[in-house]
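Subject: Structure for you to look at

Dear colleague,

I am handing over the structure we spoke about, and below it you will find my notes on what was found. Please read them with the model open beside you.

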Amino acid sequence: MAKVVGIDLGTTNSVVAILEGGKPVVIPNAEGSRLTPSVVAFTKTGERLVGELAKRQAVVNPENTVYSIKRFMGRFMTEVNEEMKLVPYQVVAGPQGEARVRLQGKDYTPQEISSMILQKLKTDAERYLGESVTKAVITVPAYFNDAQRTATKEAGQVAGLEVLRIINEPTASCMAYGMDKQDETLTILVFDLGGGTFDVSILEAGGGVFQVKATNGDTHLGGDNWDQLLIDWMAEKFKAQNGIDLRKDRMALQRLKEAAEKAKIELSQVTQTNINLPFITADASGAKHLDVTITRSEFEKMSLNLVERCANPTRQAISDAGLTPEKIDRILLVGGATRMPMIQEFVKRFFGKDPHKDINPDECVALGAAVQAGVLVGEVKNIVLVDVTPLSLGVEVLGGYVEKMIERNTAIPTSGKKVFTTAADSQTAVEVHVIQGERAMAGDNKSLGKFMLTDIPPAPRGIPQIEVNFEIDSNGILNVTAKDLASGKQTGIRLTGSTNLPKTEIDKMIKESEAYAETDKKKKEEAEVKSQADSLIYTTEKTLKDIPNVDSALKGKAEEGMKKLKEAMDSNDMNRIKSESESLKQVLYEVSSSVYAQAGAAAGGSGGKTVWTPQGEHPVGNEPSSPGGNGGVIDADYRVEGDGEGKK
Ligand code: AMP
């Protein structure tokens, strides 16, 4: 059976895992790391970099290096004012006001950027497993709304992955933790503070059933906010001393960002750290350097408000689950930012007990996704996941109020049906405005979209019966239909304002990503041709040097061949390189044969001397170093297969 991977598509890092022998394991990436930075960059030469390579060049190419794309998934421009300030790349509005990023003059949807990260994870997993990977379970923050979940699913599709299930990150962590503790019934609170989002989920786990009781969170709170505090603190200090605002210079800002994250991470270990950024900027008086020291307690003091923002969602989740803090048996800390001592102390203060330290906060989400993948393909038995919808869903009714159709924290999949009527005489159309959130007035919640049901037979107000049906699937994705019970006419969801991508656009993206795969493949082939040519020259030179008595005419021919091949390489013309390589190879064969003949003659046909073979273009016993090598070439040999699924 084809393998299904579990993917944690994180704000900062992503992780891919698989079940091996019934146990989830993390798959290392091509660079040998277990975490892949969720970073995509386009270099000046048009090369696309993903992961560590993209992250490494961020300082010199900040405006074309995208990180934290997850903060923009399924979001409109009006929703990302805060996040836009945190990133050095350009965020622009798409045709429906949705957030996109502009890189080198081209606009990309967050789905597309995320798909590039997913493609790398897919390719690395394929390399590790030695077989193609086409199916995945992908995790999202529990608090992701419908548009954000759909966008994640679309990113998977563009990357050539059939997304079997979208599951909530805290639920995944809990599954990874509870997989082998099936004989106890535990109330577990997952406190997940990642790079960009904060999620609290409460689950009851026992006998292999994972039942989510409540979930809450803040989609604008994560480790990045702590970085921002330090960036502002450094920039203000520098401005006070030098009168220059470093945040206005993209390159300086990127250096500040990296330094801030590093300092923040160091302050989780040590009580004081020094931040030293030489040559951060310059003015008429010369180069300027930033050199500051910060203590953990100063950092904690400036973070008080951020820590406090964790309290409300935690309190709300506990009360929604009908519990009190003492009733929580285990507190799991997930997400890199929970490594900050101030967060661990907050949790201890809040619950009056220590959080559980037994899990790896970076990996447990992907591990749980792999467990769920195993459940879906039948490899893992006796585990059932009952998840909930994190926010209430409803429709706008007369007066701008919300009529709830499905309450928050209802187990999914679920559906809700209600009958509505018209507000005016002879009204022949109704607008169904789908709302997500807890507030009473529609305008205070998130609008998921609107659609019209038309051609209702004219009748006095209050007579027509319009049945509205909400259905949430196991991914937490919503479908809405409205039906006029008299005529039987029905309309499905057409979320006009939604960030969902039309099928045509998804197809276009898949094509583009295939085109990228094609160019990357071509680049790889070119690199191979050049590297082989390099080895050939090396081998020829070495052969001529090592064997002094090569016939002088043949030697001249070989030297001429090498010269021509070098010229071809300078011209960068692949066909020419190939044909010159072929010619030189022939000459090298001749050299080899002549040496072999001489050797044979000298040794009277017996062995005893080195025998040369052109096989593999290298003399046996001489392991040529490959001066050209494959260095700098990004291996992006990915496969793209759509799952053929239409828009949800
Ligand atoms: P995640 O999204 O779970 O990968 O979490 C990433 C966030 O955790 C980023 O903001 C990191 O800077 C932060 N992080 C990772 N390790 C640490 C650490 N030791 N101390 C503080 N923050 C950390």
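The largest cavity is lined by Leu9, Gly10, Ser38, Ile69, Lys70, Met73, Ser114, Ile117, Thr139, Val140, Phe144 and Thr152, where a cavity is a set of points on a 1 Å grid over the protein atoms alone at which a 1.4 Å probe fits but cannot get out, and a lining residue has an atom within 4 Å of a point. The volume of the largest cavity is about 70 Å³, a volume being the space filled by probe spheres set on the points, with grid points joined across faces, edges and corners. Helix α3 (110-129) and strand β11 (135-140) each supply at least two residues of this lining; helices (H or I, at least four residues) and strands (E, at least two) are DSSP runs, numbered from the N terminus. By class, the lining has six nonpolar, five polar and one charged residues, with Ala, Val, Leu, Ile, Met, Phe, Trp, Tyr, Cys and Pro counted as nonpolar, Asp, Glu, Lys and Arg as charged, and the others, Gly among them, as polar. The count of cavities of 30 Å³ or more comes to 13.

Please keep in mind that this is a predicted model, in which local features need pLDDT of at least 70 and side-chain atom pairs count only at pLDDT 80 or more, while totals for chains, interfaces and linings use all residues. Residues are numbered from 1 along each chain as its sequence is written, and side-chain values use heavy atoms, with hydrogens and water left out.

The largest pocket has a volume of about 1000 Å³, a pocket being an open set of points with protein on both sides within 12 Å along at least five of seven lines. It is lined by 43 residues, of which Thr12, Asn13, Gly195, Glu261 and Gly336 are the closest to its centre. Strand β2 (13-20) and the helices α1 (52-56), α6 (223-242) and α7 (250-266) each supply at least two lining residues, and the largest share, six residues, comes from α7. The lining of this pocket divides into 12 nonpolar, 16 polar and 15 charged residues.

Turning to the strands, there is an open sheet of four with the order β23-β26-β27-β28 and antiparallel pairing, two strands being paired if DSSP finds at least two bridges between them. Because β23 (414-420) and β28 (490-492) stand at the edges with a single partner strand each, one side of each is left without a neighbour in the sheet. The twist averages 15° from one strand to the next, with axes taken as lines fitted to C-alpha atoms (for helices over the stretch in contact) and angles running from 0 to 180 degrees between N-to-C directions.

Within this sheet, β26 (residues 466-472) and β27 (residues 478-484) pair over seven bridges in the antiparallel sense; Ile466 has Asp484 of β27 as its bridge partner, and Glu471 stands opposite Asn479. The hairpin of these two strands has five residues between them, and Gly476 takes a positive phi near 85° there. On its other pairing, β27 joins β28 over three antiparallel bridges, with Lys483 opposite Gln490, and in that hairpin, which also has five residues between the strands, Gly488 takes a positive phi near 80°. Strand β27 has a covered face, made up of Leu478, Val480, Ala482 and Asp484, and an uncovered one with Asn479, Thr481 and Lys483.

Some backbone details deserve a look. The peptide bond from Ile412 to Pro413 is cis, with omega near -5°, and Pro413 is found in the loop between β22 (411-412) and β23. Asn409, although not a glycine, has a positive phi of about 65°; this residue lies in the loop between β21 (401-406) and β22 and is buried at a relative accessible area of 15%, where buried means under 20%, exposed over 50% and partly exposed in between (1.4 Å probe, protein chains only). Ser426, also not a glycine, has a positive phi of about 55°, is found in the loop between β23 and β24 (430-436), and is partly exposed at 48%.

Finally, the count of disulfides, each a pair of cysteine sulfur atoms within 2.5 Å, comes to zero. Cys364 is in no disulfide, the nearest cysteine sulfur being that of Cys174, 9.8 Å away, and Cys364 is buried at 3% relative accessibility. Cys310 is buried as well, with a relative accessible area of 0%.

With best wishes
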